[in-house]
Amino acid sequence: MKKRSGNNPKRRIIEGTLPDMAAREALLTRISYVGSGHHKLYPADYGLERTNPRPTSSVCDAVKPVLLAEASDLLRQGVLRAMLSTYGQDGFPKYIWSVSLDGTVYEAKTHPNTPGQYHGYPLEKEDSMRDEVIDVWEAR
């Protein structure tokens with residue numbers, strides 16, 4: 001697999017005053033995990049007609065299948081721990097991060113054309129954001 005070209009060095013987990021729990025719970029009512037065929041080898045239970053992983057994309061199911069319920073829960077856990085980037089003009093954080101029970105670090109991302117709908121992928125060990133997510137995850 002080629003090195004991902006999409007790693008944005010400007011992405012940051014919010015610091016300082018975090019959204020309170022009521023704001024995080026309100027965000028949870030407005031977001032969903034939809035998945036992306038660009039980050040999957042198998043369609044699993046996402047309702048995808050096909051998968052077509054990009055050569056430079058990290059695939060979320062390379063080691064094991066990640067079903068929709070698990071992906072949705074990872075997104076939820078990331079919101080509850082305030083593992084969010086700053087909010088965009090659309091009212092949603094561009095990125096939400098989480099760490100699975102087996103220690104895999106995931107990054108979920110929304111797109112301006114589909115605000116509030118997230119797809120995710122594991123962060124590779126070479127991605128410096130991975131270590132930052134682990135550190136903040138353990139601190140929160």
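Which strands does helix α2 (residues 68–80) lie across? Helix α2 lies across β1, β2, β3 and β4, at about 105° to β2. The model is predicted: local features need pLDDT of at least 70, side-chain atom pairs count only at pLDDT 80 or more, and totals for chains, interfaces and linings use all residues. Residues are numbered from 1 along each chain as its sequence is written, and side-chain values use heavy atoms, without hydrogens or water.

**Sheet**
- Four strands form an open sheet with mixed pairing, in the order β1-β4-β3-β2.
- β1 and β2 (95–99) are at the edges with a single partner strand each, so one side of each has no neighbour in the sheet.
- Helices (H or I, at least four residues) and strands (E, at least two) are DSSP runs, numbered from the N terminus.

**Pairing**
- Strands pair if DSSP finds at least two bridges between them.
- β1 (residues 32–33) and β4 (residues 114–122) are parallel over two bridges, with Ser32 opposite Gln117.
- β3 (residues 105–111) and β4 are antiparallel over six bridges.
- A two-residue hairpin joins β3 to β4, and His111 has Thr114 as its bridge partner.

- Helix α3 (residues 128–139) lies across β2 and β3, at about 70° to β2.
- Axes are lines fitted to C-alpha atoms, for helices over the stretch in contact, with angles from 0 to 180 degrees between N-to-C directions; contact means heavy atoms within 4.5 Å.
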